[in-house]
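I opened the notebook to record a few local checks. I went through contacts, strands and helices in turn.

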Amino acid sequence: MRIIKLNAIDSTNSYLRKLCASNLVTDYTAVMAKKQTQGRGQMGTVWSSQTSKNLTFSVFKNVSAYHLQHPFYISIVVSLAVLKSLQFFSIPKLSIKWPNDILSENKKLCGILIENVLKQNKFSESFIGIGLNVNQTDFKNLPQASSLRLVTGNIFDLDEVAKQIIKNLKVYFDVLEGEHFSMLKTEYESYLFRKNKPSTFKDAEGTVFSGFIKNVSETGSLQVLVEDAVIKEFDFKTITLLY
Ligand code: BTN
């Protein structure tokens with residue numbers, strides 16, 4: 001397990017991408033930073049994290065040999081690897097908020113930013129960025145955020161948690177390599193946040209509506225049962241689940 005530790009960097013995802021552009025990097029090489037000055041979240045958001053309190057790290061995986069049905073399977077693998085690692089540390093009430101936030105009860109513990117690189121029309125390299133709130137206890141202006149410390153009362157060793165996640169990434173990428181797609185999808189769906197519960201959503205036009213999360217499609221769209229027993233599929237970026 002190769003872990004590169006940095007005191008400060010703009011973003012561990014950006015660093016790892018640059019490293020791969022100029023060096024031969026092996027699978028599961030990880031870059032961990034105590035502080036990110038330009039931590040990136042999904043959809044162009046900023047990921048902020050108190051220095052040295054949390055895990056902000058990125059892991060490299062070459063996926064060019066995989067027969068991927070859809071890149072969403074990478075998201076499934078990473079979400080399950082993080083969730084299983086948190087189960088190992090006895091974090092309660094874990095779920096996956098589609099597409100890949102990891103929650104305890106209804107609080108976000110972990111955000112995942114996966115950047116996939118295509119080469120000759122084939123998924124080639126995956127840069128897996130993980131922001132896990134570990135020992136931080138105050139989240140000003142972020143009422144939906146929490147940390148492992150807040151939900152358990154315990155202080156965690158950052159290296160130990162990171163190693164557990166990397167170990168589980170290997171386990172789940174091996175399942176993906178074995179092409180056990182439906183097994184992965186079924187396991188992912190079993191942890192879906194608010195599955196089969198009445199929930200409120202906002203679509204891309206800003207319209208608020210209610211429905212029940214059912215499952216995800218083969219391409220990672222969220223399937224929501226809306227009125228009159230109609231199941232609608234929503235792509236990432238076209239729907240927001242309001243808590
Ligand atoms: C989200 O919006 O929920 C995803 C957040 C991902 C943050 C992590 S921290 C390590 C890696 N480097 C980044 O710049 N972003 C990811």
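This is a predicted model: local features need pLDDT of at least 70, side-chain atom pairs count only at pLDDT 80 or more; totals for chains, interfaces and linings use all residues.

Which side chain does the side chain of Gln42 join in a polar contact? I found Asn100, at 2.6 Å. I count a polar contact as a pair of N or O atoms within 3.5 Å; within protein, one must be able to donate a hydrogen and the other to accept it, and residues adjacent in sequence count only if both atoms are side-chain atoms.

Residues are numbered from 1 along each chain as its sequence is written, and side-chain values use heavy atoms, with hydrogens and water left out.

**Gln42**

I placed Gln42 in the loop between β2 (30-36) and β3. Helices (H or I, at least four residues) and strands (E, at least two) are DSSP runs, numbered from the N terminus. The Gln42 side chain also reaches the backbone oxygen of Ile112 at 2.7 Å. I then listed contacts, meaning heavy atoms within 4.5 Å. Setting aside neighbours within four places in sequence, Gln42 touches Pro99, Asn100, Asp101, Ile112, Leu113 and Phe236.

**Strand β7**

I followed Ile112 to its bridge partner in β7, which is Ile130. Strands β6 (residues 107-119) and β7 pair antiparallel over ten bridges; pairing requires at least two DSSP bridges between two strands. Their hairpin has two residues between the strands, and Gln120 there takes a positive phi near 45 degrees.

I looked at β3 (residues 55-62) next. Eight bridges join β3 to β7, again antiparallel. Ser58 stands opposite Gly129 in β7.

Why is β7 (residues 122-132) largely enclosed by the rest of the structure? Nine of its eleven residues are buried. The scale is relative accessible area: buried is under 20%, exposed over 50%, partly exposed in between (1.4 Å probe, protein chains only).

**Thr12**

I went back to Ser58 and found a polar contact of 2.7 Å between its side chain and that of Thr12. Thr12 lies in helix α1 (residues 12-22). Its relative accessibility is 3%, so Thr12 counts as buried. Beyond four places in sequence, Thr12 contacts Val31, Met32, Ala33, Gln36, Thr56, Phe57 and Ser58.

**Helix α4**

I checked how α4 (residues 158-177) sits against α2 (residues 72-88). Their axes come within 8 Å and cross at roughly 140 degrees. I take axes as lines fitted to C-alpha atoms, for helices over the stretch in contact, with angles from 0 to 180 degrees between N-to-C directions. The two helices are therefore oblique to each other. Under 35 degrees would be roughly parallel, over 145 roughly antiparallel, 65 to 115 roughly perpendicular, and the rest is oblique. Residues making the contact include Tyr73 and Phe88 of α2, and Gln164 and Leu176 of α4.

I repeated this for α4 and α5 (residues 181-190): the axes come within 8 Å and cross at roughly 135 degrees. That makes α4 oblique to α5 too. Tyr172, Val175 and Leu176 of α4 meet Phe181, Met183, Leu184 and Glu187 of α5.

**Open sheet**

I ended on the five-stranded open sheet, ordered β11-β10-β9-β8-β12 with antiparallel pairing. Its edge strands are β11 (230-234) and β12 (239-242), each pairing on one side only. The twist averages 50 degrees from one strand to the next. Strand β10 (residues 222-226) pairs with β11 over five bridges, and Val226 stands opposite Val230.
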